[in-house]
Every structure is written in structure tokens, then in C-alpha cells.
Amino acid sequence: MPIPDSWLPALVGETTEPYYQQLYRFVGEERRKYKVFPPGADVFNALRYTPFDQVRVVIIGQDPYHEENQAHGLAFSVRPGVEVPPSLQNIYKELHNDVQFRIPNNGCLIPWAEQGVLLLNAVLTVRAHQANSHQGKGWENFTDAVLRAVNNRSQRVVFLLWGSYAQRKAEGIDTTRHTVLKAPHPSPLSASRGFFGCAHFSKTNAILQSAGLAPINWQLPDL
């Protein structure tokens with residue numbers, strides 16, 4: 001699980017911490033005994049597709065998808081050809097209403113990541129078919145370090161915090177430098193309580209442009 005080069009200066013200190021070494025051993029043992037998602041090569045895809053110096057937006061998820069062929073290292077995203085999960089369907093609905101987004105035939109969010117949208121789950125691995133099975137094993141410490149590194153940058157970043165978990169995860173964000181937008185989680189249980197109508201996507205682009213940064217092209221292609 002090599003950390004991508006652009007993030008190494010900010011995160012290399014984490015790899016020598018006892019929690020990280022214990023985490024590394026834990027994930028290795030889990031892979032020997034069980035099927036674990038995503039595959040090892042995809043665990044750090046959020047960092048690989050969005051280099052450190054290119055982060056403009058952060059979207060925080062909680063746990064990787066735990067069914068076959070879904071998780072590929074990006075929060076809310078699934079591989080091409082996989083059915084779009086309910087929360088992402090609701091994200092698409094809000095995009096359609098907010099920025100005239102045309103709903104694509106897939107749930108792959110790599111084009112967002114390549115534009116500087118860090119799609120970061122708090123926990124980066126999961127045992128197959130067992131949601132939250134790798135929580136509390138150390139990933140949260142590591143992803144806290146990722147968020148601290150982004151927070152320490154001088155360039156403005158927009159944090160989209162959907163649901164109480166993401167909002168707690170990013171409590172330390174310096175709002176004198178960065179912008180935090182909060183809404184309920186887009187899951188079917190809570191989307192109607194304020195996620196729909198939040199207009200986070202148009203607001204994000206307005207904030208980026210006011211800081212002299214390029215907007216995100218939220219439109220995703222059919223695959």
C-alpha cells in the first residue's frame with residue numbers, strides 16, 4: 001500500500017507511528033484470511049488521482065462499499081458497470097437540480113478526482129460483506145492526518161461535509177482559510193432533510209472562482 005509520491009512529504013511521518021504499523025499488519029492479516037475491499041492497489045486511489053498540491057475540494061465518506069466490484073478507493077464512487085448506489089443516485093439528483101447535470105450511465109467519479117476533488121473515506125478498507133469491519137483499526141488516524149495536511153495549505157479548499165460523521169471528522173478545519181459547507185447525508189434516510197436543495201455544487205464553484213481558482217466540471221461522461 002504505497003502512499004503516492006505527492007503526499008509523501010505530508011504523510012511519511014505517519015508510517016513510522018505505532019498505530020500505522022499495527023494497521024498495516026492488521027490489513028495484511030485480514031487479506032490472508034478474508035476477501036478485503038478495495039484491492040491493495042486501489043486503497044490509496046483518492047490520493048493517487050488527486051495529488052496533494054491539486055486539492056481544491058474535499059468530500060468525506062465513511063466506509064468503502066463492501067460488496068463485489070464496488071469499492072475502488074474513492075468515496076461514493078463505484079467502478080464502471082456497477083449499479084449506482086442510492087446515496088450517489090441522490091447526489092446525481094441534486095447535481096441535476098443545481099447545475100443542470102445530465103445523469104450518466106455509471107457511478108465512476110474519477111473525473112472529479114482528476115480535477116482536484118479529494119474523495120476521501122475515513123476508513124480505507126473493509127472486509128467483504130461486513131460494513132464497518134475495519135473501523136477503529138487506525139485508518140481514522142491516518143485520514144485525520146490527510147485532512148490536517150490539506151488544512152495546512154494556504155490555498156483555499158472547499159470542504160463538503162455531508163452528515164454528522166463527516167462534520168465531526170473535519171471539526172479542525174481552519175475556516176479563516178478554507179470554506180466548509182454542511183448538509184445532511186445524501187442517503188435515502190436523510191437526503192430529504194436538507195441535502196436536496198443544498199446547492200453545494202454551484203456554491204463550490206462560486207467559492208473557487210472568487211478565490212481565482214478554476215471551477216469543477218461536475219458533468220460525468222457515459223462509459
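Visitor: How far does helix 6 reach from its first C-alpha to its last?
Guide: Helix 6 (residues 139-151) has 13 residues and reaches 18 Å, close to the 18 Å expected at 1.5 Å a residue. The expected span is 1.5 Å times one less than the number of residues. Helices (H or I, at least four residues) and strands (E, at least two) are DSSP runs, numbered from the N terminus.

Visitor: What kind of model is this?
Guide: It is a predicted model, where local features need pLDDT of at least 70, side-chain atom pairs count only at pLDDT 80 or more, and totals for chains, interfaces and linings use all residues. Residues are numbered from 1 along each chain as its sequence is written, and side-chain values use heavy atoms, with hydrogens and water left out.

Visitor: Back to helix 6. Is it mostly covered or mostly open?
Guide: Mostly covered, with ten of its 13 residues buried. Buried means under 20% relative accessible area, exposed over 50%, and partly exposed in between (1.4 Å probe, protein chains only). Among the buried ones are W139, F142 and V146.

Visitor: And strand 3, buried or exposed?
Guide: Five of the five residues in strand 3 (residues 117-121) are buried. V117, L119 and N121 point one way, while L118 and L120 point the other way.

Visitor: Which sense does strand 3 pair in with strand 2?
Guide: Parallel, over five bridges, with strand 2 being residues 57-61. Two strands pair if DSSP finds at least two bridges between them. I59 stands opposite L119 of strand 3.

Visitor: Where is D63?
Guide: D63 is in the loop between strand 2 and helix 4. UniProt, in an unreviewed entry, gives D63 the annotation "active site". UniProt positions are in the numbering used here, feature names are shortened, and annotations may be inferred rather than shown by experiment.

Visitor: Why does D63 count as buried?
Guide: Because its relative accessibility is 16%. D63 touches N121, V123, T125, V126, A131, N132 and Q135, leaving aside residues up to four places away in sequence. Contact means heavy atoms within 4.5 Å.

Visitor: New topic. At what angle do helix 4 and helix 8 cross?
Guide: The axes of helix 4 (residues 86-99) and helix 8 (residues 200-210) cross at roughly 60° and come within 8 Å. Axes are lines fitted to C-alpha atoms, for helices over the stretch in contact, and angles run from 0 to 180 degrees between N-to-C directions.

Visitor: Which residues make that contact?
Guide: I91, E94, L95, D98 and V99 of helix 4 meet H200, F201 and S202 of helix 8.
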